[in-house]
Amino acid sequence: VSSPQKILNFLAHAYLSGDHEEVLLGNFVADSIKGRMADNYSFAFRQGVQLHRAIDAFTDSHPLVQACNQRIQPHFRKFSGVVTDIYFDHFLASGWNNYSEESLFDFTRRVYALLDKHFDLLPPRSKRIIPWMKQQDWLTGYASFDPLSRVFGGMSRRTSFESGMEQAVEVLKNDYSFLEAHFQQYFPELMAFSQQFREKMDLDTNTGG
């Protein structure tokens, strides 16, 4: 699914990038990099784009993720994968202290500062999205239902036909334990996969998680 998807599962991609700034940048904006655009960027940035795509492929084919998509499919039809992505960023944000010693606030401020620092390098679509992201603090807002409702409402309005996403927070509340349990099983596997991918890069990116 193009445009509405991946507008929001930025938090996990940032978290899974490790400590190399250019890898994080490439991972963060990868969905805005089309065709040969990546040729204009550094090797480390391109590795971040590849990491992003590897994470997406791992996620899309994972049985636990597919089970969540199937569970919510009656509500969201072809947008189920989009909604699951954002649910998983919610679980990461709300359970952040289980995964990082750095606070969610400090981490997201570090990411925003990095995006500001390299703003001129970013692809046009990212330049349009990121000011809104910062202003509305999407990355921290994933943790709470009210900001999440605004996110889903905005995505629902941007789709050209009925997506059901304006109901996504109610669906999440009603099936919270099932969805959260699947995330908690899946995410450590994704963390290990991402670390292994980073360790294969010819970069000093083997720290962080």
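1. Thr84 touches Val65, Cys68, Asn69 and Ile72, leaving out residues up to four places away in sequence. This is a predicted model, and Thr84 sits in its helix α5. The relative accessible area of Thr84 is 1%. Thr84 therefore counts as buried, the cut-off being under 20%.

2. Take Phe28 next. Which residues is Phe28 in contact with, leaving aside its neighbours within four places in sequence? They are Phe10, Ala14, Val111, Leu115, Met133 and Leu139. Phe28 is also one of the buried residues of α2.

3. Helix α2 runs over residues 21-29 and is mostly covered. Of its 9 residues, 7 are buried. These are Val23, Leu24, Leu25, Gly26, Asn27, Phe28 and Val29. What covers them includes α1 (10-15), α3 (43-60), α6 (104-117), α7 and α8.

4. Now the cavities. How many cavities of 30 Å³ or more does a search of the whole structure find? The search finds 2. At least two lining residues come from each of α1, α3, α5 and α11 (176-200). The largest share, 4 residues, is from α11. By class, the lining of the largest cavity has 7 nonpolar, 3 polar and 4 charged residues.

5. The second largest cavity holds about 70 Å³ of space. It is lined by 11 residues. Phe10, Phe28, Val29, Ser32 and Ser126 lie nearest its centre. Helices α2 and α7 are the elements that give two or more residues to this lining. The largest share comes from α7, with 5 residues. By class, 6 lining residues are nonpolar, 2 are polar and 3 are charged.

6. Two backbone angles deserve a look. Most residues other than glycine have a negative phi. Arg77 is not a glycine, yet its phi is positive, about 50°. Asp137 also has a positive phi, near 50°, and is a residue other than glycine. Arg77 lies in the loop between α4 (63-76) and α5. Asp137 lies in the loop between α7 (124-136) and α8 (138-141).

7. Are these two residues buried or exposed, or in between? Arg77 is partly exposed, with a relative accessible area of 43%. Asp137 has a relative accessible area of 17%. Asp137 is therefore buried, since the limit is under 20%.

8. What does the side chain of Asp137 join in a polar contact of 2.7 Å? The partner is the side chain of Tyr112. Tyr112 is in helix α6. It is buried, with a relative accessible area of 6%. Leaving aside its neighbours within four places in sequence, Tyr112 is in contact with Met133, Lys134, Asp137, Trp138, Leu139 and Thr140. Met133 and Leu139 are also in contact with Phe28. For scale, Tyr112 and Gln50 are 62 residues apart in sequence and 21 Å apart in space, C-alpha to C-alpha.

9. Tyr15 is another buried tyrosine, with a relative accessible area of 6%. It belongs to helix α1. Its side chain reaches the backbone oxygen of Tyr99 at 2.7 Å. Tyr15 and Asp137 are 122 residues apart in sequence; in space they are 16 Å apart, C-alpha to C-alpha.

Definitions and conventions
Residues are numbered from 1 along each chain as its sequence is written. This is a predicted model: local features need pLDDT of at least 70, side-chain atom pairs count only at pLDDT 80 or more; totals for chains, interfaces and linings use all residues. Side-chain values use heavy atoms; hydrogens and water are left out. Contact means heavy atoms within 4.5 Å. Buried means under 20% relative accessible area, exposed over 50%, partly exposed in between (1.4 Å probe, protein chains only). On a 1 Å grid over the protein atoms alone, a cavity is a set of points where a 1.4 Å probe fits but cannot get out, and a pocket is an open set with protein on both sides within 12 Å along at least five of seven lines; lining residues have an atom within 4 Å of a point. Grid points are joined across faces, edges and corners, and a volume is the space filled by probe spheres set on the points. Ala, Val, Leu, Ile, Met, Phe, Trp, Tyr, Cys and Pro count as nonpolar, Asp, Glu, Lys and Arg as charged, and the others, Gly among them, as polar. A polar contact is a pair of N or O atoms within 3.5 Å; within protein, one must be able to donate a hydrogen and the other to accept it, and residues adjacent in sequence count only if both atoms are side-chain atoms.
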